[in-house]
Amino acid sequence: MSAAPIAKRDAEAEAQRKAASWYEASARERVRLFLDVHSFQEFIGPEQREISPHLHIFNLPEQFDDGMIAGRGLLEGQRVFVAAQEGRFMGGAFGEVHGAKLTGLLRAVRDAKSIPLVILFDTGGVRLQEANAGELAIAEIMRALIEARTAGAKVLGLIGGRAGCYGGGGLIAGCCSALAVSEQGRISVSGPEVIETNRGVEEFDSKDRALVWRTMGGKHRRLIGGAEIFVDDTIESFRVAAIQLCRCASAFDTAVLQSEQMRLKQRLRQFGFCPDAVDIWRSQGIENPDAVPDMAADDFIALANRIREPRYDAR
Amino acid sequence: MEALHFHHKVNQRAAGTKVMAIVGVVASGNLEVLVERILPESDCELDIKTAAVGFGAVWEQVVADFVELRSPGGLKLSVNDGGARPDTVALRLAQAVRLIEELDP
């Protein structure tokens, strides 16, 4: 293709990315639009039918890719590996095959050393039907992720899907070099219903959606430093964020770990006594913290950058 | 779960040269369709696994309509269904064929 049609094609792709909601898109649409046009190459695609060995025992429908898309492509001309979870299939949950595909990809990332991996999280955690196999998958992924980072590769997480990033997914996200999150993306380990079931409604009312969002949602994660970048819900915004994180995300060495330890210590000291996210925001110096949840994305990004510059020297 | 299989003779091959396409997600009321160009041009096959048991007659009608309308010669369609309604099934089958008929980049 000559230069003019390529420029036209890229302009069309950018317009598509700006119009597309990350939250609404399927995992395949996210991957296709997120990467440079026609650059995605899938590993173990759906035609290979590597399906779950467990779901049929429970008389449950399978998906040909087991809800995990793994492969490589280009991001603004740079090589990246990419993994994407389909949040609508079994809540994006980690089963044996689903997890093994990410573990294998992380080992490829480790061996390639300098090519970053972008994980498009959308998960409720371990797939209960696959119990131990799912739990083991989480452990294997975390080990492989740390090995990839130790070898020098950056592993970046993007979170903005309908399942959020919960359970073992929240643990894996915590191991990443850096995260970008949208308002819809929630990050936590125990989900709202789990906390309420275990600790009672006094501890956490899972039906109080506003409470769920201000405790686990993207804005709060950005403000307390759990995510480096806050983005609005378009695929273009996630792409721009990932390109920036590929440049800025921290390496993985003793200095970074020490700095992360200090960051968490300081966070606990500063906010440990706060009963609610709103109290944290007030103590951070936000004048009208009650207005934060309703704030438009651009206004919030400006506020967050004023309150807390994103830092890349920890994790 | 119920497994269904349909085989049709068709007049025309599906357009294009792409060998594989996939559309949809397996969820409640939704389905995925994997379409592969691996059959003789006069044949079309559908392998269906559905969570909704006992609707074989409805599937037969939907598939017959689809084959008549699209003439998907040479294509094998594999379906994982989470209990979608017939209109959703018809839409996904049509989307799958349209995708595999698209020009290769």
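Student: Which hand does the β-α-β unit made by E4(B), helix H1 (residues 56-70) of chain B and E5(B) have, left or right?
Tutor: This is a predicted model, where local features need pLDDT of at least 70 and side-chain atom pairs 80 or more, while totals for chains, interfaces and linings use all residues. Residues count from 1 along each chain as its sequence is written, with chains lettered from A and ligands numbered from 1 in the order written. A crossover is right-handed if, with the strands pointing away from the viewer, the path from the first strand over the helix to the second runs clockwise. The unit of E4(B), H1(B) and E5(B) is left-handed.

Student: What direction does strand E4 (residues 43-50) of chain B take relative to E5(B), parallel or antiparallel?
Tutor: Helices (H or I, at least four residues) and strands (E, at least two) are DSSP runs, numbered from the N terminus, and two strands pair if DSSP finds at least two bridges between them. E4(B) and E5(B) share 7 bridges, with Leu46(B) opposite Leu77(B). On this pairing, the two strands run parallel.

Student: And which residue of E5(B) is the bridge partner of Leu34(B)?
Tutor: Strand E3 (residues 31-37) of chain B is joined to E5(B) by 7 bridges, and these two run antiparallel. Within E5(B), the partner of Leu34(B) is Ser78(B).

Student: How many of the 7 residues of strand E5 (residues 75-81) of chain B are buried?
Tutor: Buried means 20 or more other C-beta atoms within 10 Å of a residue's own, exposed means 12 or fewer, and partly exposed is in between, with C-beta atoms placed from the backbone. E5(B) is largely enclosed by the rest of the structure, because the count of its buried residues is 6.

Student: Over to chain A: which strands stand at the edges of its sheet?
Tutor: The sheet is open, with 7 strands in the order E1-E2-E3-E4-E5-E6-E7 and mixed pairing. Each edge strand has a single partner strand, so one side of each is left without a neighbour in the sheet; the edges are E1 (41-43) and E7 (229-231).

Student: Which residue of E4(A) does Phe81(A) stand opposite?
Tutor: Strand E3 (residues 78-85) and strand E4 (residues 117-121) of chain A run parallel, joined by 4 bridges. In that pair, Phe81(A) faces Leu117(A).

Student: Is Val109(A) buried or exposed?
Tutor: Val109(A) belongs to helix H3 (residues 96-112) of chain A. Contact means C-beta atoms, placed from the backbone, within 7 Å; leaving out residues up to four places away in sequence, Val109(A) touches Phe81(A), Ile115(A), Leu117(A), Ala148(A), Ala153(A) and Val155(A). With 27 other C-beta atoms within 10 Å, Val109(A) is buried.

Student: Arg315(A) has a positive phi although it isn't a glycine; is it buried or exposed?
Tutor: Arg315(A) lies in the segment after helix H12 (297-307) of chain A, and its phi is about 95 degrees. Since it has 22 other C-beta atoms within 10 Å, Arg315(A) is buried.

Student: Last one: how many residues does chain B bring to the contact with chain A?
Tutor: Chain A puts in 12 residues. For chain B, the number is 15.

Key
Two residues are in contact if their C-beta atoms, placed from the backbone, lie within 7 Å.
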